[in-house]
Each structure stands twice: as structure tokens, then as C-alpha cells.
Amino acid sequence: MAENNNIIEMNNVGIRYDQGPEILSDIKLALPQGSFHFLTGQSGAGKTSLLSLMYLAQKPSRGQISVFNHNLNFTNREQLASLRRRIGVVFQDFRLIDHLSAFDNVALPLRVCGMDEHEIRKRVTELLTWVELDSHMQDKTSTLSGGEKQRVAIARAVINRPDLLLADEPTGNVDNIIAGKLMKLFVELNKLGTTVVIATHSDKIINDFAYPRLHLQNRGLHIYYPSDTSVLGGLYV
Amino acid sequence: MSDSSYISRKQELPLKGENTSLFLQVIISIAVFIFAITLSGVLSIDSMIDNWNKSILGSLTVQIIPTNDTDKEKSRAETLAYQEKAVDFLKSVNGVIKVTPLSDDQLTELLSPWLGDEVNITDLPTPRLIDVKISPDANIDFSQLAKDLAVASPQASLDNHKLWLNKLIAFADGLNLIASTVLLLVAGITSGAIFYTTQMSLGLHHNIIEILHIIGAKDTYVAQQYAKRMAFLGFMGGVIGLFFAIPSIFFIGNLALAIEGGIISDAGLNFADWSIILALPLFSMLISMLTAYYTVKKTLKKML
């Protein structure tokens, strides 16, 4: 794959677990820098698997993936870690570290980069205040409600001002007001240059924000543009 | 809340609360205890061999075999004449500082443990002994000296003390080898215990490690947390082991002294030996830390 403006490129990617059938087949995808996409599909369509390929948690069973112009077939562990630092991920099940406080969870991406503790405190406090969790900074995340955990997870994903933000149902556990606020945050980050992919089931969000939709169906990936109601071309390259 | 200075950082991996911590600390304590006792044995044996070598390095003994004559007076006179010749020859040798033939009283004293105090050695065909002191930097060919001595005084024979000590030194070396093997085994078993408990712990905290990796933590970041924790356990285990080992070393030392054997009393620990023993907690800390660090690095390569 030649060097270009795409944050992620996938060519003929397939993924299977153990010796089972392929969950995703022949995925071809190119996400330009600064783009914003929704990822949709029925439960079990492979949204989480596709996202996990994007945040480099697993390798495909076949095909080729390039992230930030690094072909993953030729990327070592050290380089993978450096690439992951440029990606923010919001998990559907939050995946927070329960025995840590909200503050420490959000501070994690900065600490693994070795940032100065004074700067970390400043940034984390600011962001937790923004997501209205300033009164819970010291609370262990195991004591927080679902909505609060979700906001901590989002804060952790964006604290490092990532180049690529991947979110799996980021507004699933929050009320409409908070959901709107979080979506505004994603849009703002996107305007600042962050490439965003949000997996969601919410028609309201998809309709409220006019962004292209990556739709997983029959193990393949299809693209819908906001103005269209039909599948366009089947592949988005 | 603008002031967050009250927030204290917690380790991402909850290693402090692990059940295996106590187990490891006990293992390391026992290992350091055995290590310290064995090491003190090795160092004592080394000092014993060193003392033996030092004591024989500057001296020789020449023995004058009594002549075989039924006339005791004549035999004694001939033996003393050979002794005189040997003394004269030895005084002429380069590097010899002092030549002292042992008197009858000194010979009687030497033989008294076996023959009693009442024996008159002039009545017995006992060999005469000459104590020879040589300069520490003298370069003497002992084989040639023995030949030249035999020419100068045919009844004289040279004993440079090495001969009888060689067997003792070989025995001591054997003990040393066994002790060194024990030391290696103890270090190996401790490292093995750390290796397996670290692997268990990595399995236990798989989810947290996965999160850390996804947000960009390198293997080193995780390995450092384990290394830090194991360094603490290694050091504390070492201190506890040493706490029990030191009185035991003194106790064994006193038992050895009570034997009142000249050879064993040569064994002892000097300042450098004690420094090595007292540094064992640092050694156990280092072993624990490095074992954990490399175990994590190696295991993570397979995990994710």
C-alpha cells in the first residue's frame, strides 16, 4: 500500500475465530484522515471485530491492514504500541480498571506515554470537569453508575487527543442531554482533525449527524451516504 | 474541583493484594536463609584454605632420619652430624631467612601427645627436625632443593608441607563444590518460583494488561510494575532470611570453635565475607526483579 492520506486501509481482510467460519470477509476499506463515520449493523454482524482490527487488538486471518501508513504485517510490537497511542477507544463495556479512581483511569493513556504528572493532573481535571465528573474524580470506577462509567471511558479515549477515535456504542448508557454533549465532543475533535468511527444502533444519532455510514451485512462492508437511502457501490475505497 | 493535588497515583496492576505475595516472600526468606548459611560455609572454607596456604608458604620442615646403629650414642651422634650438615647447607641457600634445629625439649613436647611426658627421646630413634623460614618472595625450586639437600646430608628429607595439605585442600575443594551447587540450586529454585508466580499473576490480570496494551503501553511498562513489586518482595524476603541466618552462622561458628581443632579454627569470616553475606537482600532483590522483568517480557510476547 502506497503512502497516502488514509488513516486506515484494509484490503481483502477476513477474520475468523479458531477454525470457525469467517465473521468478516473480503473487507475493503479506506478511512481518509479527518473523516467521520458511523458503523452500523445488526448484533453479531461483526462491528466489534472490525473495531478491534482498527484499534490493533488482533490481526486479521487474512488480508492486509495499514494503519497510519504502517503495514501491520511488517510492524513490530514496539511500533504497534506507538501506533496504539494515537488511537482512542471507547468500549461498549467500558473496560475501565475497577480498582482505580476515575482520575487514574483517565490518566492512563498519558502515563503510559510518560507525561509529566503535573500536566496530567491539569488535563485530567479539566476533562473530568467537562464531562461533569469532577465530584467523582477520586471514586473508584466500580462505584460509578453506567452513565458515569461511560463518561470516564470517553474521557480516557480522548484525553490524549488521538488521531483516530473509535467508539462502540458511546452513548448507550447516558441520557439524551449527555449523549448530545458527548456527540458534540466527538464532532469538535473531528473538526480538529481526529478521524472518528462510531459504532451505534441509534437512528436518532445517525439522523441528527450527517455523516457516512459503514454498514456491516452478510459478512461484508457497505457504505451509505447521508443523502442516500440505498447502498452505494457495496465497497468504499 | 480545580485542585487535584490530593490525588495519589495507584498502580494499574493490583499486585500488592495478591495471595502469592506471602508465598513468595516465605520462599525467598527460606532461600536467603539457606543461601547465607551455605555461603558462610563456602567463605569459611576459602579462608581456611587461604590460611593454610599462608602458613605453609613461608616455612619448610627438614627431617633427619636417625641412622640405623645398635649403638644408641653413636647413632645419635651421627644423626646430629647429619643435622649439622643440613643446617649448614640450608643456611647457604638463597631465600632462606632462618634455620632452627628443634631441641630435644621441643621434640619431646611435640611427641608428648602420643608418647607421654615421661619419655626420654634420647633413648628412642626419633628423627630430628629443622624448622626453615623462607622469604615470602623467594623463588625456590623445591624439587632441586630436596636433591641438593640429599647430597649435602644423605639422611635429610625435605617436607614443604604441601604434600599432606593437598589431600585436605582437595577435600575442602570438594565441600566447596557441593556448597556452590547448593547455592546455584537455591538461586534456581527461587527464580523458578518467581517465574511461575509471575506467569500466574499475568494470567490473573490478563484483562488489565490488555487494556494497558490497547491504550499504548509497551511491554516494558507492565514489566516495570512487576519488577518493582518483586524487587520489594525480594528485598524484604532477603532481610527476613538474613535476620534468621546471622544468629545461625554464629551458632555454627561457635560449634566449630568448640572442636578445638587447629585446622577448623583456621576457618572464619572476615570483613569482606560479612559484607557479601549482608548484601544478600540486595542480591535477592536483584534476582527477583530481573526474573520478574524478563518473565513478563517473554510471556507478553505470547499473550497479545
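**Exercise 1. Contacts and overall form of chain B**

Find what share of the contacts in chain B with a separation of 6 or more comes from residues 24 or more positions apart. Then decide whether chain B is a compact globule or more spread out.

*Solution.* 
Step 1. In this predicted model, residues 24 or more positions apart account for 86% of the chain B contacts with a separation of 6 or more.
Step 2. List the elements. Chain B has 9 helices and 4 strands. Along the sequence they follow the pattern α-β-α-β-α-β-α-β-α-α-α-α-α.
Step 3. Check the box. Along the principal axes, the C-alpha atoms of chain B fill roughly 110 × 40 × 35 Å.
Step 4. Of the 304 residues in chain B, 28% are buried.

**Exercise 2. The nonpolar cores**

Identify the residues with the most contacts inside the largest nonpolar core, and name the helix that gives the most to this core.

*Solution.* 
Step 1. Nonpolar side chains tend to be buried together in soluble globular proteins.
Step 2. The largest core holds 102 residues. Those with the most contacts inside it are A:V106, A:L128, A:A155, A:L166, B:V32, B:A36 and B:Y226.
Step 3. Helix α1 (residues 20-57) of chain B gives the most to this core, with 10 residues.
Step 4. Look around B:A36. Leaving aside residues up to four places away in sequence, B:A36 touches B:G241, B:L242, B:A245, B:I249, B:I277 and B:L280.
Step 5. A second, separate core has 14 residues, among them B:I64, B:V87, B:L90 and B:V99.

**Exercise 3. Where the chains meet**

Describe the side of chain B that touches chain A by element and by residue class.

*Solution.* 
Step 1. Count both sides. The contact takes 23 residues from chain A and 18 residues from chain B.
Step 2. Assign elements. On the chain B side, α6 (206-214) and α7 (219-258) each supply at least two residues. The largest share, 4 residues, comes from α6(B).
Step 3. Sort by class. This side of chain B has 10 nonpolar, 3 polar and 5 charged residues.

**Exercise 4. A sheet in chain A**

Work out the strand order of the open sheet of 4 strands in chain A, and find its edge strands.

*Solution.* 
Step 1. The order is β2-β1-β4-β5, with antiparallel pairing.
Step 2. β2 (22-32) and β5 (70-71) of chain A are the edge strands, as each pairs on one side only.
Step 3. Take one pair. β1(A) and β4 (residues 62-67) of chain A pair antiparallel over 5 bridges. A:I8 stands opposite A:V67 in β4(A).
Step 4. Place the helix. Helix α1 (residues 47-54) of chain A lies across β1, β2 and β4 of chain A. This helix runs at about 130 degrees to β1(A).

Definitions and conventions: Residues numbered from 1 in each chain as written. Chains lettered and ligands numbered in written order. Predicted model: local features only at pLDDT ≥ 70, side-chain atom pairs only at ≥ 80, totals over all residues. Contact = placed C-beta atoms within 7 Å. Nonpolar A, V, L, I, M, F, W, Y, C, P; charged D, E, K, R; others polar. Core = buried A, V, L, I, M, F, W, Y, C linked by C-beta atoms within 7 Å. Buried ≥ 20, exposed ≤ 12 C-beta atoms within 10 Å, placed from the backbone. Rg over C-alpha atoms; globule rule 2.2 N^0.38 Å. Pairing = 2+ DSSP bridges. Axes fitted to C-alpha atoms, helices over the stretch in contact; angles between N-to-C directions.
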